[in-house]
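The tour goes from one selection to the next.

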Amino acid sequence: MLALQIANIKDFMSKLFLKDTFDSFSLIESSIVTANTFSIDGRIKKEYFTTEENKNREYAEYSTWEALRPFCFQFIKGKKTPLSIKLVFRFPKNQEELLLEQSGLSYESNNIDGFFLNIRYENSIALCTTGISIKTFSLDKSLELFWDQTILTFLKNAKIEFE
């Protein structure tokens with residue numbers, strides 16, 4: 001697990017809420033606290049869609065940040081800073097196999113529950129933490145270290161400053 005403090009919060013929030021930097025991630029859940037608490041469960045409700053709609057699209061378990069970002073932005077826009085923001089992102093399920101191949105490690109995708117990036121903003125501090133969920137117990141941390149390095153590279157490529 002990696003924990004990083006964001007150095008330039010204004011730039012980070014712009015990349016988070018106004019740009020497509022994190023759009024490919026799935027949103028597992030969010031909690032945004034302003035005058036009220038706004039919570040989103042990112043799980044897609046298949047029963048909301050018609051049989052035809054479900055057949056005509058690649059069905060995902062969670063909505064992307066791209067789809068939910070405008071709603072979350074509505075909760076925070078204005079002159080006052082939110083009291084807190086919590087976002088739980090998951091690396092896209094359909095890209096996990098490629099990520100595992102790039103790692104060069106001997107993990108199988110059916111043994112991985114997900115690669116996660118958690119973002120927490122509170123008291124004028126923004127933190128990003130990484131994590132993975134593996135279905136079987138292992139003392140081997142090589143996949144976790146690979147995920148940490150992947151996120152470090154992602155943040156550097158996005159020009160997000162961190163400590």
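**Starting in the sheet**

Select E29 and look across to strand 4, where its bridge partner is V88. Strands (E, at least two residues) and helices (H or I, at least four) are DSSP runs numbered from the N terminus. This is a predicted model, in which local features need pLDDT of at least 70 and side-chain atom pairs count only at pLDDT 80 or more, while totals for chains, interfaces and linings use all residues. Residues are numbered from 1 along each chain as its sequence is written, and side-chain values use heavy atoms, with hydrogens and water left out.

Next, select S30, which stands opposite L87 in strand 4. Strand 2 and strand 4 pair in the antiparallel sense over 7 bridges; two strands pair if DSSP finds at least two bridges between them. Now return to V88: N118 in strand 5 stands opposite V88. Strand 4 and strand 5 are also antiparallel, over 7 bridges. Colour strand 4 by burial: 6 of its 7 residues are buried, that is, under 20% relative accessible area with a 1.4 Å probe, protein chains only (exposed is over 50%, partly exposed in between).

Show the 6 strands together: they form an open, antiparallel sheet in the order 1-6-5-4-2-3. Strand 1 (3-5) and strand 3 (37-41) are at the edges, each with a single partner strand, so one side of each has no neighbour in the sheet.

**Helix 3**

Select helix 3, which has 12 residues. Its buried residues are W65, L68, R69, C72 and I76. They lie on the same side of helix 3 because they cover an arc of only 125° around the axis, taken from the directions from the helix axis to the C-beta atoms. These buried residues pack against helix 1, strand 2, strand 3 and strand 4. Just after helix 3, pick G78, which takes a positive phi of about 140°.

**The core**

Which residues have the most contacts inside the largest nonpolar core? Select F12, L16, F22, W65, F89, F115 and I119; the core has 38 residues. A nonpolar core is a set of buried Ala, Val, Leu, Ile, Met, Phe, Trp, Tyr and Cys residues joined through side-chain atoms within 4.5 Å.

Finish on I119. Leaving aside its neighbours within four places in sequence, I119 is in contact (heavy atoms within 4.5 Å) with F12, L16, F22, I85, K86, L87, F89, L127 and C128.

How values were computed:
The expected span of a helix is 1.5 Å times one less than its number of residues.
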